[in-house]
Amino acid sequence: MLSLPAGRLRHRIEIQNYEMTQDDWGQPIYTWTHWADVWASVEPLQGREFLAAMALQSQTTVRIRMRYRPGVTSQMRVLFDGRIYGIDSVIEPQSRRHALQLMCKTSLATP
């Protein structure tokens with residue numbers, strides 16, 4: 001896919017970066033900070049449920065397609081529709097700086 005038509009990018013996502021700041025005593029504080037809001041296409045690929053730590057877990061894998069944006073890494077995360085998605089990999093199809101594909105997962109414990 002060389003280009004992404006604007007009509008396919010109908011989801012607004014927030015990309016966050018994990019950054020270190022310092023408190024008043026110079027101690028490190030790690031927090032998620034806003035990095036960018038972008039239009040994207042969020043496509044669910046797989047979902048599963050499993051038992052871990054004596055609780056039912058639910059995991060969803062999604063592919064997020066967006067226009068190329070330099071600086072996106074797998075150390076970042078995506079917020080979309082009230083869910084937090086960890087970025088497993090950042091793929092640049094055909095290495096032409098037209099688009100990015102983010103392969104992401106979310107895990108939720110259910111009571």
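Colleague: Why does Pro93 count as buried?

Modeller: Buried means under 20% relative accessible area, exposed is over 50%, and partly exposed sits in between (1.4 Å probe, protein chains only). Pro93 comes out at 18% relative accessibility, so it counts as buried. Bear in mind that this is a predicted model: local features need pLDDT of at least 70 and side-chain atom pairs count only at pLDDT 80 or more, while totals for chains, interfaces and linings use all residues. Residues are numbered from 1 along each chain as its sequence is written, and side-chain values use heavy atoms, with hydrogens and water left out.

Colleague: Where does Pro93 lie?

Modeller: In the loop between strand S5 (83–91) and strand S6 (99–110). The C-alpha atom of Pro93 is 9.9 Å from that of Tyr68, and the two are 25 residues apart along the chain.

Colleague: What makes a stretch a strand?

Modeller: It has to be a DSSP run of E with at least two residues; helices are H or I runs of at least four, and numbering starts at the N terminus. By that rule the protein chain has six strands and zero helices.

Colleague: Why is Glu43 called buried?

Modeller: Its relative accessible area is 16%, and buried means under 20%. Therefore Glu43 is buried. Glu43 is found in strand S2.

Colleague: What makes the Glu43 and Arg65 pair a polar contact?

Modeller: The term needs a pair of N or O atoms within 3.5 Å; within protein, one must be able to donate a hydrogen and the other to accept it, and residues adjacent in sequence count only if both atoms are side-chain atoms. The side chains of Glu43 and Arg65 are joined at 2.9 Å. Setting aside neighbours within four places in sequence, Glu43 is in contact with Arg8, Thr61, Val62, Arg63 and Arg65.

Colleague: What makes a set of residues a nonpolar core?

Modeller: They must be buried Ala, Val, Leu, Ile, Met, Phe, Trp, Tyr or Cys residues, joined through side-chain atoms within 4.5 Å. The largest one has 18 residues, and Ile13, Ile15, Ile64, Met66, Val72, Val78 and Leu102 touch the most other members. Strands S1 (11–22), S2 (28–52), S3 (55–67), S4 (77–80), S5 and S6 each supply at least two residues, and S2 gives the most, with four.

Colleague: Which residues does Ile13 touch?

Modeller: Not counting residues up to four places away in sequence, they include Ile64 and Val78.

Notes: Contact means heavy atoms within 4.5 Å.
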